[in-house]
Amino acid sequence: VMILAKTPEVQKFLKRQFQDRKVHKTYVAVVKGRPKLDEARIDLPMMRDKKRPTTFRVDAGGKEAETFDKVLQSNGEYSLVELKPTTGRTHQLRVHMKYLGHPIVGDLVYGDGKGKRLYLHAKELEITLPGGDRRVFEVKLPRGFKDVFRKSK
């Protein structure tokens, strides 16, 4: 889901919502394995990895990073999970899932890189528009997401 501002004033208005954590984002991902809990709060601080400066890692000295996850479907080998970040750290979802031992399928940086694509999809964006209306923008799951389950059985 992508949202664009046509004027600097609207851009400032929208940017402020992201900074104030007023925007609600929902993602869907295919991960390796099955998380232990059907629903969980992942509260793991993150920081840039000094050994690989273009990447990030979980670290107690890092910045706050919180994600809520929910298993939607699983066949044991792969799981379809819903991810709702409350913070917006770079690579947050990918780092959190890798740390838990369930990297996102197709992730070249934090996973094994196998898969035709990165199986991470921005499903919903809830935001207040300049006129004051609160709106939810939703995008259907791309073709191929559920194919991962069929091929692995």
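User: What percentage of the 153 residues of the chain count as buried?

Analyst: Good place to start! This is a predicted model, in which local features need pLDDT of at least 70, side-chain atom pairs count only at pLDDT 80 or more, and totals for chains, interfaces and linings use all residues. Residues are numbered from 1 along each chain as its sequence is written, and side-chain values use heavy atoms, with hydrogens and water left out. Buried means under 20% relative accessible area, exposed over 50%, and partly exposed in between (1.4 Å probe, protein chains only). By that cut-off, the buried share of the chain is 35%.

User: Which residue forms a salt bridge with Arg94?

Analyst: A salt bridge here is a side-chain nitrogen of Lys or Arg within 4 Å of a carboxyl oxygen of Asp or Glu. For Arg94, the closest N and O atoms of the pair are 2.8 Å apart. The partner is Asp107.

User: Is Asp107 buried or exposed?

Analyst: Let's apply the cut-off to both partners. Arg94 has a relative accessible area of 16%, so Arg94 is buried. For Asp107 the value is 1%, which means that Asp107 is buried.

User: Which residues are linked with Arg41 in a network of salt bridges?

Analyst: One link joins Arg41 to Asp43, with their closest N and O atoms 3.0 Å apart. Asp43 is partly exposed, at 39% relative accessible area. Linked with Arg41 in the network are Asp43 and Glu66.

User: How many salt bridges does a search of the whole structure find?

Analyst: Another example is Asp20 with Arg16, whose closest N and O atoms are 3.9 Å apart. Searching the whole structure gives a total of 10.
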